[in-house]
Structure formats: C-alpha cells, structure tokens
Amino acid sequence: MTLKIGIILGSTRPNRNGSQVARWVLEAASQRGDAEFELIDLRDHPLPHLDEPVPPMFGPSVNAHTRAWAERIAPFDGFVVVTPEYNGGVPGVLKNALDHLFTEWGDKAVGFVSYGVNGGARAVVQLRTVCGTLGMAVVGYQVAVSVLTDFENHTTFTPREHHAAALDKTLGQVISWSAALAPLRAGAETTLANS
C-alpha cells in the first residue's frame, strides 16, 4: 500500500507567502519514494464559517460543501500543514477547515511547516492541541521558517540550508507514523461499514 500524504496550505490571503513554502514542501516531498504527496489549497475549498447543525463527530453533514471537503480529506493517510501565524495564532480559515470535519482526521499523522516573524511557532502550539483533540497523531519534528531571514525582501522564499534537514525529518516522521496507524484506520473503516 502506498501512503498518501496531503500538504494543506492553510492561508487564503492575497499575496500570501504560503504558496512558495507549500511548493517547496511538495518539491522536497516528491523526491522521496516512500509516499505520494498532494497539495490541498484551502483556496480551492471555500467553506463558510462553521455552519453544521450538529457537531461533525455525530455523523455525516447535511451540507454539500462539508461533504465535498470530507471527500477531499478522507483518502489521505497523513498530512503536513503549512501555516502562517496571524497575531500569535492559527489562521481562521485553517481552524474553520479543521472544525468542519472529525472522522476524516482520526488516526492520521500530522506535521507542521510554519512561517512568521517568530517562525510561526505559536500557531503550531495551537494546532498541536486542536489536531490532538481531533484524534490525529501530532509528530514531534516541525519546520519553523522566519519571514525576516528566509524571505528576500519579505516576499521571495529563500530558505536557509538547515530547513531542508528539518523538513526531511518532519516528512519521515509523518510517513512512519501514518504507516504505523494504518491498522487503526482500517479498523475504523470496518466499523463504519458495519454500522
């Protein structure tokens, strides 16, 4: 079985720096032979502010936009989230996308590549809590990119050399944990099919 890892671009702002960072992650990941990688851009999945009449953990959505989002996320075995830090926290659009689903996140590994003035570290602290609550296995390694030292003129992504090694470790851990969690995901699918 080939593992499928989604790279979620967690910003939808005009002129965002995240698209450069996400392409860098995808290019590095694509050099590996131990998984398939695919970019998931939240711009391609516009979701309203959470509008589910019941919490997503209690069953399928009545809303077509949420069902489409669930169908996009469900096939993946793990994720790398590329996130900026806005005002010391997670971008609202990313938190909203996470909140729209529940079952589709469970028993999947997740790692983080963050960017911001302080490397996006505070956004990742929040995401670790949110993703853990959703039943995801949050890996220890992460990449923290500074908009002050890793972007020329604050616009052109020029990552320092040490980020490549950090990304390799993060990807390796996401892949190995995703593989280790496969029996749990298979058990959950069997339970859903029998209910």
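Mentor: Let's begin with Gln 20, which has its place in helix 1. Keep in mind that this is a predicted model. A polar atom of the Gln 20 side chain lies 2.6 Å from the backbone oxygen of Thr 155. Leaving aside residues up to four places away in sequence, Gln 20 touches Phe 151, Thr 155, Thr 156 and Phe 157.

Now step back to the helix that holds Gln 20. Helix 1 spans residues 18-30, and its axis comes within 11 Å of the axis of helix 5, residues 162-180. The two axes cross at roughly 65°. Angles of 65 to 115 degrees count as roughly perpendicular, so helix 1 is roughly perpendicular to helix 5. The crossing of helix 1 past helix 5 is right-handed. Which residues of the two helices meet? From helix 1 they are Trp 24, Val 25, Ala 28 and Ala 29, and from helix 5 they are His 163, Ala 164, Leu 167 and Leu 171. Sorted by class, this contact of helix 1 with helix 5 has seven nonpolar residues, one polar residue and no charged ones.

For another pair, look at helix 3 (residues 92-99) and helix 4 (residues 121-133), which pack at about 10° with their axes 11 Å apart. Helix 3 and helix 4 are therefore roughly parallel to each other. Leu 94, Lys 95 and Leu 98 of helix 3 make the contact with Leu 127, Val 130 and Cys 131 of helix 4. By class, the contact of helix 3 with helix 4 has five nonpolar residues, one charged residue and no polar ones.

Over residues 4-146 the chain is 31% helix and 26% strand, and the end C-alpha atoms are 28 Å apart.

Key
Residues numbered from 1 in each chain as written. Predicted model: local features only at pLDDT ≥ 70, side-chain atom pairs only at ≥ 80, totals over all residues. Heavy atoms only, no water. Axes fitted to C-alpha atoms, helices over the stretch in contact; angles between N-to-C directions. Helix = DSSP H or I, 4+ residues; strand = E, 2+ residues; numbered from the N terminus. Parallel < 35°, antiparallel > 145°, perpendicular 65-115°, else oblique. Left-handed = near helix turned anticlockwise from the far one by under 90°. Contact = heavy atoms within 4.5 Å. Nonpolar A, V, L, I, M, F, W, Y, C, P; charged D, E, K, R; others polar. Polar contact = N/O pair within 3.5 Å; in protein donor to acceptor, adjacent residues only side chain to side chain.
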